[in-house]
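Keep the sequence and the model side by side as you read.

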Amino acid sequence: MREVVRNFTPLQQAFRRSSSEERLVHSEIPLVSFARLGKHFISKSQMLNKLLSNTEQYHDIFYHSALECGDVPRRISEGLLEFSWYLPCVISSVDKFNEPMAVANLRGDIRSFGKQFTFLCQSSAVVYIFCDESDFEYFKHLQGKHVQAKCGQRYTFADGLPEFSNLRRKMEQLPTIFPQILLDSSPFELVDGDAGNIPSKWINAVLTELHSLLQFNSRVKVISVIGSENSGKSTLLNAMFGTRFAVNKGMCTRGAFMQLITVSKYVKRELGCDCIMIIDTEGLKAHEMVQDDHSHERDKEVATLAVALSDIKVVSISKDTSVEKEFLRMVLNALTRVKAEDKKPLCHFVQVDMTGMCTSEEKKRDKALLEQLNVMIQRDVQIKATKLTDVVDFDRRTWSWHLPSVWKGTPPMASYSSDYSEIVQALKSRLLKDLKKCPERGDLIDFAKRVESYWKSL
């Protein structure tokens with residue numbers, strides 16, 4: 001690439017008919033990227049070819065299904081990033097665009113190629129996504145996540161820009177945009193699920209701005225949920241608190257997200273806080289279900305962070321018993337790894353998809369779960385305890401909850417389960433009662449400091 005030289009005529013020199021030469025890698029050309037969400041009958045590559053070809057001649061720049069052998073099943077090209085360049089000749093009757101640009105074309109569905117899509121979002125001036133109306137909800141979540149990540153990265157590296165440059169000044173103003181997003185009940189990324197880290201500088205800046213926006217009245221208490229993958233954690237939080245964590249079919253939470261709920265002035269004194277932070281985490285996966293040890297360790301670190309930050313912990317347990325033992329071991333690891341300040345963590349266990357279970361069966365399952373947890377604690381030499389009550393604080397009358405299926409029947413024609421709603425509201429009331437008992441731990445500035453401190457310790 002370093003040997004490729006482009007010959008071009010800048011728009012401002014067109015009237016002189018003079019041209020310039022420079023190596024392509026040194027050219028300040030914006031990258032415009034195109035990606036696809038879902039499957040479509042319209043060929044994205046073919047549309048790009050028509051868009052980029054000049055008015056006098058059509059070029060098949062990107063390979064597409066209408067070409068010879070274009071319908072052959074793909075084996076290695078899925079996830080491939082193709083690059084091309086558009087270089088105008090400054091002839092108005094020929095050029096489609098007045099300025100040069102680099103063009104990237106991602107092959108395949110972005111749901112399957114998150115790393116490539118993240119790379120495009122980080123390096124592109126703009127990303128265009130081809131999607132149907134049915135994929136729009138997924139797209140909105142994706143859009144919000146990657147916009148936050150991209151802004152966080154730009155803010156973090158703003159120190160490397162010239163001190164008094166306009167670009168650096170713009171980058172340093174980015175944290176002022178997102179506090180209102182949090183107040184508008186939109187999730188904010190706490191742990192980057194792709195990179196597996198916390199952009200501490202970015203989090204501190206945004207929460208400091210939010211603290212100011214709340215007129216320095218930001219005493220906060222925290223409720224988090226940890227649980228196995230696909231155990232309905234995001235759905236449960238949305239049903240209880242009206243949050244907007246993504247719950248699309250086939251899409252799991254990556255990393256950790258937080259959402260702020262402001263408290264009305266009538267209950268601030270009763271709860272002892274001005275707002276409640278809700279944390280939704282990535283599902284814990286059994287060791288044999290993850291691709292590498294790093295991913296397994298990251299799952300445990302995210303769960304441990306959520307436990308350390310929270311006043312109340314909700315543990316969501318799937319009905320799938322094949323991975324339950326490994327999952328419960330990870331839960332205990334998270335609950336005991338970070339010691340609270342002279343206080344055991346307050347915890348509720350929620351067992352999901354328990355439709356049609358009678359009271360006696362629920363009690364039998366609760367007893368078996370408690371016995372299993374006690375045995376695991378006794379066998380773990382790193383846990384200096386003999387039973388669950390030595391590790392966590394819970395009320396024996398309300399420690400375990402049984403949630404039926406969200407839907408009554410089979411989607412998409414199924415109706416929302418009234419039984420699910422009633423139990424969820426009862427759980428919410430219990431959590432708020434427990435929250436009143438929790439001592440104050442500071443405001444959003446203190447919360448940001450705890451995030452950084454706990455993450456470093458992990």
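Arg 219 is partly exposed, because its relative accessibility is 30%, and the buried class ends under 20% while the exposed class starts over 50%. This model is predicted. Arg 219 forms a salt bridge with Glu 440. Their closest N and O atoms are 3.3 Å apart. The pair links distant parts of the chain. Arg 219 sits in the loop between helix H6 (200-213) and strand S8 (220-227). Glu 440 sits in the loop between helix H12 (418-437) and helix H13 (444-457). The two residues are 221 residues apart.

Stay in the loop between H12 and H13. Asp 311 is buried, because its relative accessible area is 9%, and the cut-off for buried is under 20%.

Side chains of opposite charge can pair when their charged atoms come close. Asp 434 and Arg 430 give a local case, with a salt bridge of 3.1 Å, N to O. Both residues lie in helix H12. They are 4 residues apart, about one turn of the helix. Asp 434 and Arg 430 are both buried. Elsewhere, salt bridges that share partners join Asp 159, Arg 168, Glu 172 and Lys 201 into one network. The structure holds 14 salt bridges.

Now step back to the whole chain. The protein has 13 helices and 15 strands. Of its 458 residues, 47% are buried. Take the contacts with a separation of 6 or more: 69% of them join residues 24 or more positions apart. The protein exposes about 24900 Å², and carbon and sulfur atoms supply 51% of that area.

The largest nonpolar core has 64 residues. Leu 190, Met 258, Met 277, Ile 279, Leu 388 and Phe 447 have the most contacts inside it. Ile 279 shows how such a residue is surrounded. Beyond residues up to four places away in sequence, Ile 279 touches Leu 190, Val 222, Ile 223, Ser 224, Val 225, Leu 237, Phe 257, Met 258, Ala 306, Leu 309 and Phe 447. Another core, of 27 residues, lies apart from the largest one. Leu 346, Leu 427, Leu 431 and Cys 438 are among its members.

What about the cysteines? The structure holds 0 disulfides. The cut-off for a disulfide is 2.5 Å. Cys 273 is buried, because its relative accessible area is 0%. Cys 151 is also buried, with a relative accessible area of 15%.

Phe 83, Trp 85, Leu 87 and Phe 119 make a nonpolar surface patch of about 360 Å². Phe 119 is in helix H2 (residues 114-123). Its relative accessible area is 41%, so Phe 119 counts as partly exposed.

Met 47 is another partly exposed residue, with a relative accessible area of 39%. Met 47 lies in helix H1 (residues 44-52). Setting aside neighbours within four places in sequence, Met 47 is in contact with Ile 42 and Phe 130. Met 47 and His 64 are 17 residues apart in sequence, and their C-alpha atoms are 9.5 Å apart.

Which backbone angles deserve a look? Most residues other than glycine have a negative phi. Phe 216 has a positive phi, near 65°. It sits in the loop between H6 and S8, the loop that also holds Arg 219. Phe 216 counts as exposed, because its relative accessibility is 57%, and the exposed class starts over 50%. Asn 230 also has a positive phi, of about 60°. Asn 230 is found in the loop between S8 and helix H7 (233-241). With a relative accessible area of 60%, Asn 230 is exposed.

Methods: Residues numbered from 1 in each chain as written. Predicted model: local features only at pLDDT ≥ 70, side-chain atom pairs only at ≥ 80, totals over all residues. Heavy atoms only, no water. Core = buried A, V, L, I, M, F, W, Y, C linked by side-chain atoms within 4.5 Å. Buried < 20%, exposed > 50% of the residue type's maximum accessible area, 1.4 Å probe, protein only. Contact = heavy atoms within 4.5 Å. Patch = residues over 30% accessible without salt bridge, like charges linked within 9 Å, V, L, I, M, F, W, Y side chains within 5 Å. Areas by Shrake-Rupley, 256 points an atom, 1.4 Å probe, with all protein chains shown as cover. Salt bridge = Lys/Arg side-chain N within 4 Å of Asp/Glu carboxyl O.
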